[in-house]
Structures are given as structure tokens and as C-alpha cells.
Amino acid sequence: MGSPPVTAGDLDTRTPGSTARHGAPPDARPLRVALIGNPNTGKTTLFNALTGMRQRVGNFAGVTVERHEGSFRTDDGRRVAVLDLPGSYSLSAGSPDEAIALEVLIGRGKDVPLPDVVVVVADAQHLERNLFLASQVLELGLPVVVALNQIDAATAAGLRIDVPELIHELGVTVIPTVAKRGEGVEALKRAIASAPTLPPAERRFALPPAAEEALAPVAARLEAAGLPRSAARMEALRLLGVPLPEAHLADVPDVAPLLTRARDVLETAGMVPERVEAELRYGWIAGVLARCVTRSAPRGRTVTDRIDAVALHRVWGPVLFLVLMALVFQGIFTWATPMMDAIEGVVGWMGARIGDALPPGDLRSLVVDGVFAGVGGVLVFLPQIAMLFLFIGILEDSGYMARAAFLMDGLMRRVGLHGKSFIPMLSGYACAVPGIMAARTVENHKDRLATIMVVPLMSCSARLPIYALLIGAFVPPIALLGGAMTLQGVTMLGMYFLGTITALGVAALFKRTLLRGPARPMILELPPYRRPSLRNLAIGVYGRSIMFVRRAGTVILALSIVLWALATYPKITPDAALPEAAQQEQQLERSFLGRVGHAMEPAVRPLGYDWKIAVSIAASFAAREVFVSTMGTIYGVGDTGQDDAGALREKLRAERDPETGRVAYTPLVAIGLMVFYVYALMCMSTIAVTVRETGGGRTGWKWAGVQFAYMLALAYGAALLVYQGGRLLGWG
Amino acid sequence: MELQTLIVVALVALALLFVGRRAWATLRPKRDAGCAHDCGCGPAQSGPSDWSKT
């Protein structure tokens with residue numbers, strides 16, 4: 001049982017094309033297509049399937065909502081520019097993301113023109129909910145195509161959707177798709193190309209006479225303010241359920257009294273104004289579903305239900321979560337090793353060859369000790385970064401991430417945060433910057449601020465090279481749990497948990513002091529489990545890996561050169577009586593970097609750090625990975641001819657305190673240093689985005705200052721506790 | 001001055017310029033949206049696109 005196949009030929013049987021209101025856009029510019037849909041409908045997968053690698057990421061003007069654009073060419077060679085709008089359940093703008101979608105579709109986007117075609121991505125399994133948004137979009141008077149996605153899952157669930165009947169009901173082209181396998185994508189492209197030649201969509205149900213009469217003045221005023229006629233009618237109905245007209249109608253202040261009058265008229269007619277839109281739309285949807293959808297058999301326990309019985313179980317759910325996380329971090333260590341070894345080999349070989357080719361002198365030292373030791377030392381962690389994003393992608397694509405959010409919701413509410421805050425916090429595992437930006441989906445201002453304050457405590461991917469270096473150097477790979485894990489993997493997992501648990505504790509503190517306010521319930525949709533799309537995973541991992549390489553080739557390269565210069569000059573005449581290694585050490589100690597480090601050393605001595613760690617921490621304010629490259633440059637590992645990270649690990653283990661002659665870096669120092677990095681806000685970009693997201697100007701800098709200060713205090717205090725506490729216990 | 005030293009001075013000066021510009025671009029006070037460039041979260045691009053109004 002399933003939906004009948006719909007081909008391009010079927011599409012031709014639709015209402016014959018007449019001249020559309022928009023007409024065919026001029027060929028001089030590409031056809032602009034906006035993609036909209038509920039969250040979890042596979043919209044992004046479809047966007048990837050349509051546009052492939054031809055994508056660019058930016059932001060919508062004035063807000064930090066991500067804007068994805070891509071393109072493809074039609075059969076006749078015309079370019080189609082696709083804009084992926086933020087996922088929305090309706091056009092009733094509840095969050096900044098939804099507001100963007102609405103503004104673009106009614107032609108009020110700040111720097112976005114009205115689309116030529118709108119593609120509504122609807123989940124075939126949950127048509128009732130998805131058709132609500134579709135019904136709003138249909139009323140905008142734009143050419144619309146509906147992509148009925150995940151049609152395979154609907155069929156498997158026993159749903160039979162009569163697509164030709166659905167086309168008849170909606171009055172627009174409907175294309176069944178399975179985006180993750182690319183099925184229906186070519187038909188969708190053809191439908192998009194022909195959509196502007198078809199009659200535009202329109203409202204599919206009639207308003208009751210009282211509502212028609214009540215809303216007419218509102219629609220007329222909106223139309224006079226510049227909205228297209230059909231969009232004005234949709235807006236008039238939508239605004240009935242909105243307490244105040246939103247920001248995009250700020251230049252139409254007199255619409256508010258008109259709305260009040262319309263509500264009074266509806267109340268007099270025995271209606272509840274706030275419910276009118278929902279009742280009309282869901283009434284129409286019920287009729288459409290009754291005519292288009294049949295269920296072949298009563299819904300039994302699905303695979304998703306069976307998995308959820310364990311994944312969301314009160315006891316087994318958290319256990320499974322812990323096991324999965326443990327696997328992720330163990331996998332990062334175990335499975336990335338062969339690739340890391342290969343990169344280490346290549347970097348070491350290239351460093352040695354280039355070193356041999358250059359005559360002795362400062363340029364050779366710059367290339368070998370600065371560039372290869374610094375950049376190479378960071379680049380070797382690329383496989384681990386790729387592995388982290390592969391695992392995050394699998395957890396997201398499979399639908400498990402939503403379960404993780406569900407499991408955490410109880411905990412989130414106990415600390416006073418909104419359940420939605422968990423999504424920005426999860427994003428923080430990749431990078432705090434998009435995590436802080438994702439906090440815009442949290443409607444309440446205080447909840448959003450509390451979320452922004454704690455997102456940087458989640459261990460981002462830039463911390464991974466630091467953890468990996470220190471764990472690799474100081475934590476032995478002792479087998480645990482019968483060999484299923486090693487102490488290294490457990491230590492890495494521990495760092496991630498430490499950040500997460502602390503984030504919850506700090507959020508609780510904020511919510512009970514500076515940002516006091518009640519906890520609010522969360523509505524969370526749990527998508528069915530799916531097999532992750534290999535293509536999606538590949539695009540995600542590739543994008544992140546390229547970013548990491550680009551970062552290594554720009555910021556880290558430039559900083560490595562600067563730090564090399566600081567570590568090399570001014571040149572001194574070393575004591576010739578000393579052995580060569582001691583002469584190099586003397587030169588380093590008296591360099592600019594050495595002097596700055598020694599000036600900072602008293603502040604970090606209580607933590608067990610020397611001047612080398614002090615300057616590396618200070619340099620990592622530009623980007624956390626710079627800690628690794630700075631250590632690499634200081635130790636001049638390029639000269640050894642060995643692989644960089646491996647050599648750096650050996651140098652760190654062999655480092656001696658020049659005064660006592662004892663081992664300088666112990667496992668206790670390494671653990672303390674990792675704890676320091678779990679908590680410290682050593683990231684310029686995060687500070688910048690916190691300033692912007694908390695209001696900019698003085699207010700923004702105030703919140704960024706609070707964030708930086710509390711995190712630094714936490715980092716210093718925790719590292720002090722680990723080191724001094726450990727020493728008291730005789731561990732180091 | 002030796003050629004090697006000249007090249008080193010030029011490279012260090014370029015690197016300093018790059019780091020300074022990047023730091024300024026990231027931290028300068030501005031209210032407009034967007035990731036800091038190379039923040040690691042994705043390539044934030046600006047400038048005209050197919051979806052620019054002009």
C-alpha cells in the first residue's frame with residue numbers, strides 16, 4: 001500500500017497553466033525559490049538534495065538567524081536559487097526564526113525579495129500538523145509546490161495518500177519525495193520550474209460571513225500598507241490570534257484598533273477570536289485528510305515505539321544515553337588513530353624535507369619550528385574533529401538527539417531553564433557561537449540570557465585538540481570494562497560531562513539570582529527514527545573539516561608565525577660553556593615570549609603551570625587550538641624530524657623544572673589544565689557573539705564581561721582545587 | 001640585511017597585520033548579525049547573492 005506514483009505527466013494534468021500573477025520571472029536572473037516546512041520534515045535533507053554542494057551560509061539581515069542558500073539548474077539550463085527558511089510550525093511568529101519566515105513570504109524581508117516560488121516541505125506521516133503551515137502559505141498568492149516528503153515512511157506506517165486528490169484539494173502541484181534517497185527530487189525540480197506558469201495558490205476554505213465582514217477592514221489596511229492582497233487576507237486572519245502585531249507591522253500602528261474592533265465583532269457573533277484561525281484551518285484539514293488519506297491497518301507498535309520504550313525509559317534511557325556518549329568519545333580516540341598517524345607522518349616528512357631544502361637560518365627556523373610545529377601540531381587532530389561531527393550528525397539524523405533533549409528536559413526544568421535551552425547547549429558541543437545564536441529560539445528573555453551565559457561551558461570542538469594532546473601524553477590507555485573502553489576515552493567523556501553538569505549548575509544559579517523567573521513547560525516533537533543519510537553526513541563532516549583546515553591555514557598559521565618571532569627574538573649570545581639544549585633554553589627564556597611568560601608565571605604557579613603554559617593559555621584567547629600550536633612552537637618540535645603531535649607529547653612528558661630538576665608536567669597538572677579549559681572562556685569569537693546577542697553596546701559588553709569573569713574565576717578555582725587538592729592527597 | 005632575514009621580517013609583519021585585522025573584525029562594536037569569520041561554526045558570508053534585493 002502506498003501513494004500512487006506521480007510523474008511529470010501527472011503534473012501536466014493539473015489545471016492548465018494560465019498567466020500567473022507573477023508571470024515568468026525574467027531569465028536575466030535566477031528563479032528564486034523559498035523552502036519552508038515544519039521542523040523534522042527532512043527540509044534540510046531536501047535542500048541538500050536539490051542544491052548539493054552549491055551552498056552558501058550567511059545570516060538574515062539584522063538578526064542572527066542562519067540563512068542557507070543554494071542553487072541548481074533546470075533541464076533547460078535556467079539557474080534556480082534556493083533559500084532554506086527556518087523551520088516553522090506556522091507563520092504565527094513565536095520566535096525570531098518563525099518571524100523571518102513570515103517576513104520573507106509576505107514580502108517584508110529586510111534584504112530578501114519576495115520569492116518566485118514557495119516549496120512547502122510536508123511530512124507525509126504527519127499531514128494534519130503540516131497542512132496547517134501549508135494552508136497559510138497557500139493563501140499568500142504565490143506559486144506553491146508541496147513536497148510530500150518521507151512518503152516511504154508514511155507507506156510503511158500503513159498510510160495511503162491519494163496524491164492526485166491532494167493536488168485537487170490544495171490546488172497546487174504535490175510531489176511525493178524521499179529526500180534522503182533523492183527520490184522525487186528531479187520531479188520536484190521540474191515542478192519548481194513550471195510553477196510560475198501555473199495559477200497562484202489561494203485560500204481553500206471560505207470564512208464565515210461574520211469573520212469575512214470583521215476582517216475586511218484589517219485586510220484593506222494591510223493591503224494599503226503595501227502587502228499583496230492575498231497576503232493581507234492571510235495576515236488579517238492570523239493576527240486575530242496574536243496579542244500584538246509584530247515588529248514587521250510597526251509601520252502600520254493603526255491596524256491594532258482595527259483588530260480590536262474585528263475581535264469585538266467576532267465575539268458578538270459568538271466566536272472566540274483567538275481560536276477562529278485554528279478552527280477554520282483544522283476544520284478544512286480534517287476534510288482534506290478524510291478525502292485523501294486512508295490507513296490500511298490500525299496503527300500498531302512501530303519500530304520507533306519499540307526503540308523509544310528503551311531510549312526514553314526512566315532507567316534504561318539515561319543508561320543508553322551514557323553508553324552512547326561513552327562510545328562516541330572512545331570512538332574519537334580509537335578510530336581516528338590510523339588517520340592521525342597518517343597525517344602525522346605526512347606533516348613530519350614534509351617538515352623534514354623542507355627543512356633539508358632550506359639553508360640554516362631564521363627562515364628555516366620559521367618554517368620548521370614555527371609553521372610546521374604550530375600548524376602541523378593542530379592539523380593532526382583533523383580526524384578527531386571529523387569523527388566528532390560524524391557522531392553528532394548520526395545522532396541528529398537518526399532522531400536520537402531529540403530523545404536526548406527529552407531525557408534532559410526534567411533536569412533542565414529543575415535548574416529553571418526552558419527545555420528549548422538544551423538545543424543551543426547541544427550546539428555548543430560543536431561551537432559556542434552557533435549555540436549562542438540558537439538561543440534565539442528561546443522566547444523568554446531571561447531564559448535566553450541564562451542559556452547564553454552557560455553555552456560556552458559545553459566543550460566545543462576547539463577544545464578537542466587540547467584534551468587529545470594532554471590525554472594522549474599523560475593518561476595511559478588502560479583497558480576498562482573488559483576492554484570496551486580505555487581510561488583515555490573515559491577521561492575525555494569526563495571532561496564533556498564536567499562542562500555539561502557545571503552548565504546546569506550555573507544556569508540554576510543565574511535563574512535564582514540575576515535572571516530569576518519561572519520555569520516553563522516545553523513541547524518537543526520526537527521524530528521517528530531514521531537511517532542517517534550518508535550524503536547529509538558527508539556534507540556536514542566535509543564542511544566542518546574544511547572550516548578546521550581553513551582555520552589552521554589562516555588564524556593558526558598567522559599566530560604561529562607571530563609566536564615564533566616572539567620566541568626567537570631578541571637574539572642573545574648564549575653561554576658557550578653550556579650544552580646546546582641548555583643554550584636553546586636560555587635563548588627561549590630571554591626572548592620576548594619568555595619574558596612575558598615569566599611575568600605571568602606567578603599567577604599560574606599555584607595551578608602547577610610554568611611560563612610556557614601561561615603564554616600558551618594567553619595566546620589561545622584567539623582560538624583555543626592555538627594552545628597546542630603555541631606549545632609546538634615553544635618546543636620547536638619541527639627540528640626533531642619526528643611527527644609533530646607525537647613529538648610534542650614526548651617533550652611534554654620529558655619536561656623538567658629547571659629549578660628542582662623534577663618532572664614539570666604530571667598527570668595531575670594535565671588534568672588541572674583540562675579542567676581549566678573546560679571552564680575558561682578563551683575564545684574571542686564567543687565574546688563577540690555574546691555582546692551582539694545580549695543587546696550589543698554597553699549592555700552586551702556587560703553580559704560578556706559577566707560571562708568572561710565568572711568563567712575565568714571558575715576555571716582558576718577548579719584548576720587550583722584539582723592541583724592543590726591532588727597534591728594534598730599525594731597524587732602529584 | 002640578508003635575504004632570509006628580509007623574508008622573515010615581511011612574513012612576520014604580514015602575520016601581525018592579519019592577526020590584528022582579524023581581532024578588530026571580531027571584537028569591534030557592531031550590532032549587525034553574523035558569526036565571527038572562521039569561528040569554526042560555518043562560513044558566514046556577506047555581500048550580494050541571488051537573494052539580494054538589489
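Student: Which way do the residues of strand 8 of chain A point?
Tutor: In this predicted model, A:T173, A:I175 and A:T177 point one way from strand 8 of chain A, while A:V174 and A:P176 point the other way, and all of them are buried.

Student: Why the two directions?
Tutor: The side chains of a regular strand alternate between the two faces of the sheet, so neighbours along it end up on opposite faces.

Student: And how many of the residues in strand 8 are buried?
Tutor: Strand 8 of chain A, which covers residues 173–177, has five of its five residues buried, so to count as buried each must have under 20% relative accessible area.

Student: Which strand is joined to strand 8, and do the two run parallel or antiparallel?
Tutor: Strand 6 of chain A, made of residues 144–149, is joined to strand 8 by five bridges, and the two strands run parallel. Within this pair, A:V146 stands opposite A:V174 of strand 8.

Student: Okay, zooming out, what is in chain A as a whole?
Tutor: Chain A contains 31 helices and 11 strands, and of its 732 residues 57% are buried. Among its contacts with a separation of 6 or more, 74% are between residues 24 or more positions apart.

Student: What about chain B, how many helices and strands there?
Tutor: Chain B has one helix and zero strands, and buried residues make up 31% of its 54 residues.

Student: How much accessible surface does chain B have?
Tutor: For chain B the accessible surface is about 3,400 Å², with 65% belonging to carbon and sulfur atoms, whereas for chain A the surface is about 29,100 Å², with 62% belonging to those atoms.

Notes
Residues numbered from 1 in each chain as written. Chains lettered and ligands numbered in written order. Predicted model: local features only at pLDDT ≥ 70, side-chain atom pairs only at ≥ 80, totals over all residues. Heavy atoms only, no water. Helix = DSSP H or I, 4+ residues; strand = E, 2+ residues; numbered from the N terminus. Buried < 20%, exposed > 50% of the residue type's maximum accessible area, 1.4 Å probe, protein only. Contact = heavy atoms within 4.5 Å. Areas by Shrake-Rupley, 256 points an atom, 1.4 Å probe, with all protein chains shown as cover. Pairing = 2+ DSSP bridges.
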